[in-house]
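I want to look up a few side chains and write down what each one is doing.

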Amino acid sequence: MAWDFETDPEFQRELDWIAQFVRERVEPLDAVLGSPWNIHDPRFEQHVRPLQAQVKARGLWACHLGPELGGAGYGQVKLALMNEILGRSSFGPIVFGCQAPDSGNSEILAHYGTPQQKRRWLQPLLDNRIVSCFAMTEPQGGADPAVFTTCAVREGNEWVITGRKWFASNARFAAFFLVVAVTDAQAPVTAGQSMFIVPAGTPGLSIVRDVGIGDEPEATHGYLDFDHVRVPVDHILGQPGKAFEVAQVRLGGGRVHHAMRTIGLAQKALDAMCERALSRRTQGSLLADKQMVQERIADSWIELEQFRLLVLRTAWRIDHYKDYRRVRQDIAAVKAAMPRVLHDIAARALHLHGSIGVSTEMPFAGMVLRAFQMGLADGPTEVHKITVARQELRRHQASAALFPAYHKPTAAAQARAVLGMDGDVPA
């Protein structure tokens, strides 16, 4: 038997260091700094860069990348164990060089970038000297590629991009944008769109406005306008019409990494719930002594542990098969479960804190809203549930018989035939 729920001692020592480092040095940044992607803030240089240097010295920088890109090349199980700690802090990922969307964008550049593109964009991105933006969704249709209208037309040695993009995260801080645009409206959806690198400041590219979400300290989700934006012909990533092939490099792993960090955020809400229950007295006893409070804590712990095991199993399957397509159902299940788990645990923590729980002085309302955001980003929950169901149905087949094999009289007749009991009279 190969079942094992232990972490090897050497890596456990690294996890213990990460946990203490995040708790003592990284989490405090959340209370005093703005957006983790605002690397232009002088305070970022003062307070974040020294922590990044410590992480690099420890050999824990950008561990999702291979050694050829300066990372440790960790598999998904190790990354899961790391990321559930980093998820406790909004600054955790960027201190460890694994923040979205830069992590996924760097993987795209590593796989599909030309040598020139890599020199100009990839290394500075890996070093966190710049940040980037992934611009795919559009205001009229969200993430449904069938209704995308942003297009790119080839004119001589340039591509001319026209259209609008919506909820382009960190656009205001980005040095470049990865943009999905229609290049062949007559082709099938999955073969008619291409991905381009658009440098910030390119004429015609403007941010209509920045949209904020929940309790984020800065509005960072850009509403972008591309008014005949011209980029050189060599700014395409991969071949024309291959945007979806290119995007898959980032989407599968990205969804799992979001889930890994969600475990840490939900654990933070559960920890706060328990501290509150042990600290607050009402009606003559501690909240911790109230059975309904105990039930909420128990439900939260059970749900979180179930989700954690699902994420770790999915990570193990990715490491084992090294093929995201074989783990498509698992990844979709993780993505579908993630917002519900965070929402329910954060909502219970909010309620247990009473009036202060709904205020801006506590993080719980922001967590609840973040759960809804997670249910929409990288594809809505409904899409992923459909994937889970379709993948499961493929493993089954219809019965042509009048009664299925699990019909009790039919099963009994079959059992008697197998056991040679055809002549027996049932007792």
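**Entry 1: a word I need.** Buried means under 20% relative accessible area, exposed means over 50%, and partly exposed is in between. I also note that this is a predicted model.

**Entry 2: E138.** I started with where E138 sits, and found it in the loop between β1 and β2. Is E138 buried or exposed? Its relative accessible area is 0%, and the cut-off for buried is under 20%, so E138 counts as buried.

Next I looked up the partners of E138. It makes a salt bridge with K165, with the closest N and O atoms 2.9 Å apart. E138 belongs to the loop between β1 (132-135) and β2 (151-155), while K165 is in strand β3 (residues 158-169), so this pair ties together parts that are 27 residues apart in sequence. K165 is at 0% relative accessibility, so I put it down as buried too.

What else does the side chain of E138 meet? It has a polar contact with the side chain of Q140, at 2.7 Å. A polar atom of the E138 side chain also lies 2.8 Å from the backbone nitrogen of T149. Leaving aside neighbours within four places in sequence, I listed the contacts of E138 as V147, F148, T149, T150, R164, K165 and W166.

**Entry 3: other salt bridges.** A reminder to myself: side chains of opposite charge can pair when their charged atoms come close. How many salt bridges does a search of the whole structure find? I got 18.

One that I looked up joins the side chains of E84 and R308, at 2.9 Å from N to O. This pair links distant parts of the chain: E84 is in helix α4 (residues 76-86) and R308 is in helix α9 (residues 291-321), 224 residues apart. E84 has a relative accessible area of 16%, so it is buried. R308 is at 23%, so it counts as partly exposed.

Another salt bridge is between the side chains of D330 and R317, at 3.1 Å from N to O. D330 lies in helix α10 (residues 328-352) and R317 in helix α9, so the pair ties together parts that are 13 residues apart in sequence. Both D330 and R317 are buried.

I also found a network of salt bridges that links E27, R88, K268 and D271.

**Entry 4: the nonpolar cores.** Another reminder: in soluble globular proteins, nonpolar side chains tend to be buried together. Which residues touch the most other members of the largest nonpolar core? The core has 89 residues, and the answer is I18, F91, V95, F96, M195 and F307. Helix α8 (residues 243-279) gives the most to this core, with 14 residues.

Neighbours within four places in sequence left aside, its contacts include I108, F134, L178, V179, V180, H235, I236, L237, A243, V246 and A247.

Entry 5: Which residues make the nonpolar surface patch? They are W3, F5 and L309, and the patch is about 460 Å². I placed F5 in the segment before α1 (9-32). F5 is at 70% relative accessibility, so it counts as exposed.

Definitions and conventions
Residues are numbered from 1 along each chain as its sequence is written. This is a predicted model: local features need pLDDT of at least 70, side-chain atom pairs count only at pLDDT 80 or more; totals for chains, interfaces and linings use all residues. Side-chain values use heavy atoms; hydrogens and water are left out. Patches are made of residues with over 30% relative accessible area and no salt bridge: like charges are joined within 9 Å, nonpolar side chains (Val, Leu, Ile, Met, Phe, Trp, Tyr) within 5 Å. Accessible areas come from the Shrake-Rupley method with a 1.4 Å probe; for residues, only the protein chains shown count as cover. A salt bridge is a side-chain nitrogen of Lys or Arg within 4 Å of a carboxyl oxygen of Asp or Glu. Helices (H or I, at least four residues) and strands (E, at least two) are DSSP runs, numbered from the N terminus. Buried means under 20% relative accessible area, exposed over 50%, partly exposed in between (1.4 Å probe, protein chains only). A nonpolar core is a set of buried Ala, Val, Leu, Ile, Met, Phe, Trp, Tyr and Cys residues joined through side-chain atoms within 4.5 Å. Contact means heavy atoms within 4.5 Å. A polar contact is a pair of N or O atoms within 3.5 Å; within protein, one must be able to donate a hydrogen and the other to accept it, and residues adjacent in sequence count only if both atoms are side-chain atoms.
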